[in-house]
Structures are given as structure tokens and as C-alpha cells.
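Let's take a friendly walk through a few local features of this protein. Keep the sequence and the 3D view open as you read.

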Amino acid sequence: MIPDTTKVLIIGGGPCGLMLANELGRRGVPAVVIDQKPATAFSPQANATQARTMEHYRRLGFANEIRALGLPPDYPTDIAYFTRYSGYEITRLAMPASREAAKLIKSMGGSWGAAELPHRVSQKLVEQVLLRHASALPNISVNFGWRLTAFRDIGAGIDASIANVATGEERGIRALYLFGADGPRSFVRRQCGYDYVGEASAQRDFLGGRMHAVYLHTPEFYQACPHPKAWMYWTFNRDRRAVMAAVDGKGEFAFHTQLHDGEDEAAVTESVALGMFEQAMGMRIEVKILARDTWLAGRTLVAEKFQKGRVLMGGDAVHLFTPTGGMGYNTAIEDAVNVGWKLAAVVKGIAPPALLTSYEAERRPVAIRNTGYARRFADSIGLYRATPALETDTPAGAAARRRAAEYIGNHARAELNIPGFTFGARYDGSPIIFGDGTPPPPDAPTIYVPTGNPGGRAPHVWLPDGRSLFDAFGFEWTLLRVGPRRRSAEPFVRAARAINLDLTVVDCDDEEAYDLYEADLALIRPDQVVAWRHSGGDDADPHKVFARVIGRD
Ligand SMILES: Cc1cc2nc3c(=O)[nH]c(=O)nc-3n(C[C@H](O)[C@H](O)[C@H](O)COP(=O)(O)OP(=O)(O)OC[C@H]3O[C@@H](n4cnc5c(N)ncnc54)[C@H](O)[C@@H]3O)c2cc1C
């Protein structure tokens, strides 16, 4: 039964909507999710869960479950570049298998000072985990096969109409807030009257135009490709550029190629699609097509606004990427994380509705930043043109492949080793960040500078008992006491209690933490962002601090 009243009505059961359901449900906030599809995604879609997203899954308690999915634990996650899959290997970026991730991350630091490494897994598998956990929460109702057909802001709430896709049955739902996580063609965004702004269709040799996605099954690939296994397989030749991700390491792949001028998507039959794969493969092998779709690469688009009154939006509904760098789904997850604790605080009466305006103030600039980085990566690889010489078995061909290897190798390191991209987004200028005037670190995709400067991700350290500092944080707010001058937490605990704010006090003696936070006290938000920090005397006013960070100021 779908409840006819709820606190938050979420449209879309993709990663953004399901993550928001988890964030709300874990906080005891009732929410209804509806999605017009019959179930979670069948096709693989996104292939990379970035490290920051994995840290959020860890916070929710299911990072290990996600890491166990996808490729076998000993399968390398290399990114490899070929002329054709049965032809020459040009270069590869070696990456560890998932079974090494937990050990490896404990030995890393600097830009990779983190609780989790990225994980290469198809979005379709992640969605199943998000759904399972959301559905297990008592306040969450997830309903596939229902479409939002209309909604109205009635001042005190939202009146929405939904229809069953199979039977046409119509129902009404009343909610305090509506969240549109309804993807690229977002009905919610269009009804609000907002457009995307930015670049709608960059043209490139690859990743700029109509793409054809083929979800295929071909165990024979592993015998036919005479090179070591990889997670991501790219081809460079004049006939058929392509990129293909290994889905299960046993024979399932997500193959993407660009439709050439004159290749009409309506005319791409199954045998035409098989022909495209054959061109990239460089030979014919046994292939079964599981699903096909077309999509547009070359978009760098962000919605004009992310909120209209009681209606908020996130994910692809408000930003569209070319998937280079693998940030579309990951940015959608972080939207849900950002808005989740805020909606919960407002619904519970801990914070005023004004807190919600910080969602757009914080996430829209990040969407512009992230889509911009993805665009640069798409230019770097998509404008690079393969020459016919690349495929020739001659000294000139070998020289062409060496030159290509140098260019592509540099590109790969820039696109795929991106701690700055995943950890470095900041909320400087947000109305609820208590900045202290120190300049933010430089922003670059390949470099992340951990800092306790308010507005960025809380710096991470491993604790002496082997736990992540993030594991010690509370699920809601954390007051972190670092360094030798142990300040009293009592005034903060009392001030938090007075406004029903859930505050955990964590002491950390680690010298590295003191160096990173450069403060005696740091206030960490539920999304693990530093909201405020303080050094020196016991003169901080906790009431003033809390008023700012929950939007009462
Ligand atoms: C080929 C491809 C490869 C990609 N690779 C990557 C990658 O490697 N890394 C990455 O980060 N991103 C990648 N992406 C992008 C990623 O898939 C999306 O960014 C992600 O799915 C966005 O999640 P979402 O929840 O915002 O939207 P969606 O996943 O699109 O979910 C929206 C949901 O809303 C539902 N819906 C729509 N309208 C209604 C309505 N009126 N009523 C009810 N339900 C409705 C839809 O059925 C859908 O399930 C890729 C995308 C594509 C196409």
C-alpha cells in the first residue's frame, strides 16, 4: 500500500532517489519513493563508484556489501587502450583488484587520505543494494511502476497525483516536500519552469554526439582478446572507437560506441549493433545482446535552479555530464547526502525551512565544477584522433603507437586518478558554513589537499585501533577535539541538547589530525563536511555556531 500522506515524496528510484530514501529513513523521516520503471535499472549504466561515494556507503554501513559486487575480487581494474580488442595494446593504467582495496587505503595518505578507495561496479548492482537497504527501513515505501503525473505546491505542502503505469489507476499523495530525482527528462524540473544551462551537444571524434550502448554477454571475449584482463577497454582506430566496461568479469560487458554521421539510430538493428562491436573487436566472436539504448554524449548542463518552494531536485534532473571521470552518478549521490540531513532537520523542526536554501547554494556550484571537469576529460580523449598508422605492422606504426601511448597515458592518469575531483569539492560561500577567513586550497582534479578549513570534506586519519576517524563520527553532528589543548565540550553539548541537535563528541590525539585540522575544535556536519573550527581560548559561543550551521542565523 502506498501511504496517501508522507513527509517527503521522492520521484525517481535511481541512485539519487534511493540514496535520499536511505538518508531520510535512517533518520526516522517517512518518505515515499515512486518510479515509473518496473524495477531498478537492467542496463549497467555508470561503472565507477568514486571514493567519496564509498565513504558515504561506509557511513550508512554497506560499503563492504558494495565492494563485494561486480568483478571478482582478484580481477584487475586496469584501464587499457587498444587499436582493436584483438589488435595492438597501446597502453594501460594498472589498477588494483578490489580485494586489495581495504589494505591499500590504510597505507596511503596525502591526496588519498581516505577511508575508502573507489570501486568499479555497475550502477545496476549498486541500485539493488540501495533499494534493499531503503526498503528495510520502517518509514520508507518504495514503489516501482508508478509515475508522477501532476503536483501542486499548496503552501502547507505538496499535493501530487500519481498513476500506475500498468493499470492506469490514479492516486493522490500529500507530502511536506517533493524531491525530483527523476533523471534527465525531469518532469519535476520542467513543471517548475527551469531549464538546463550550459553546453547541450559538444561535437567530438568520440564522446560528443549520439552514443549507442550495448549490454552484451560474450565469455569468448577473454580468449579472443590476446591481452591481460582489464576493467575498461578503449579502442582507437578510424572505423570504430569504443569504450567497454567489464561488468562481472565473466563475460558481461557494457559497450559504448558513437554513431557516425549518417548512422541513423532508428536503423541500428541488433545485427548492426553486433557489426559495430565486431569492428571494435577486430574479429567475429560469439556475442549475445542483453539490452541496447542510445544516449547523448557531449552535455555540460546544470539546471538554473535546484529548488522552488517545497520542491527540490537532484541528480541528473539538475546536472548532465559526459561520463568521463565517472561523476554523474557520484554527484547525484552527494546531492542526496547533502539534502538528506537538511530535509530531516527541517521536517523534525530542528532547523527552519531556510536551511534548505543552502542545498542549492552548496550543490549548484559543485555541479558546475564537476560537469566542467568531466567536459575537459571528454575533450582530452574525445578530440584525440586515431591515425591509420596506429594499426600498421611497420616501424612507423610502432612509432605512432608509442606517441599515442604517451598522450593517452597522460590522459588516463589525469582522468582516472582523481582524488581532487572526488574529495575536493567545497562549500565556500555557503550561508551555513562558518568560514574563518583562511584561503581554500587550490582546486584540481588530481590533487586533493586535506584541510580543516570549514567548507570542505573533513580530513581523514586512521585511528590507533585501526578504525577510520569517520567510523568514530556520530551519524549526525560531531564535535571533534584534536591536539594537546583539550577544550571543554560541555557548552556545546548543552547548546546542542537545547535545540535537539544530536551531537557526538570525539577526541582524537593523533598528531596528524591536529596538523590537518589546524584547530582545537572542529564541528563536523552529518555529511562529514567541516562546518566550523576553533583554536585558542574557551571563547567560542556554541549558540552562535549552531544558529549559523543549521540556518537559524
Ligand atoms: C551510458 C552511461 C554511462 C554512464 N557512466 C557513468 C559513470 O561511469 N559514472 C557516473 O558517475 N555516472 C555515469 N553515468 C551517469 C549515471 O548513470 C547517471 O548520472 C545516474 O543514473 C543519475 O542518477 P539519478 O538518480 O539522478 O537519475 P536516474 O538514474 O536517471 O533515475 C531517475 C529515475 O526517475 C524515474 N522517473 C522519471 N520520471 C518519472 C516520473 N514522472 N514518475 C516516476 N518516476 C520517474 C526514472 O524511471 C528513473 O528510474 C552514465 C550514464 C550513461 C547513460
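This is a predicted model: local features need pLDDT of at least 70, side-chain atom pairs count only at pLDDT 80 or more; totals for chains, interfaces and linings use all residues.

## Helix α16 and its buried side

In helix α16, which spans residues 542-549, the residues P542, V545, F546 and V549 are buried. Here, buried means under 20% relative accessible area, exposed means over 50%, and partly exposed is in between, using a 1.4 Å probe and protein chains only. Helices (H or I, at least four residues) and strands (E, at least two) are DSSP runs, numbered from the N terminus.

Residues are numbered from 1 along each chain as its sequence is written, and side-chain values use heavy atoms, with hydrogens and water left out.

## Neighbours and ends of α16

What do the buried residues of α16 pack against? Their partners are the helices α9 (328-347) and α14 (490-498), together with the strands β21 (477-482), β22 (503-508), β23 (521-524) and β24 (530-534). Contact here means heavy atoms within 4.5 Å.

At the N-terminal end, D541 caps α16, with a side-chain oxygen 2.9 Å from the backbone nitrogen of H543. Just after the helix, G551 takes a positive phi of about 80°.

## Two positive phi values in loops

Most residues other than glycine have a negative phi. N500, in the loop between α14 and β22, has a positive phi near 60°. Q528, found in the loop between β23 and β24, also has a positive phi, near 65°.

Is each of these residues buried or exposed? N500 is exposed, with a relative accessible area of 61%, whereas Q528 is buried, at 3%.

## Helices α1 and α5

Now look at helix α1 (residues 15-26) and helix α5 (residues 123-135), whose axes come within 9 Å and cross at roughly 30°. Axes are lines fitted to C-alpha atoms, for helices over the stretch in contact, and angles run from 0 to 180 degrees between N-to-C directions. α1 and α5 are therefore roughly parallel to each other, a term for angles under 35 degrees.

The contact involves P15, L18, M19, A21 and N22 of α1, and Q123, E127, L130, L131, H133 and A134 of α5.

Notes: A polar contact is a pair of N or O atoms within 3.5 Å; within protein, one must be able to donate a hydrogen and the other to accept it, and residues adjacent in sequence count only if both atoms are side-chain atoms. Angles under 35 degrees count as roughly parallel, over 145 as roughly antiparallel, 65 to 115 as roughly perpendicular and the rest as oblique.
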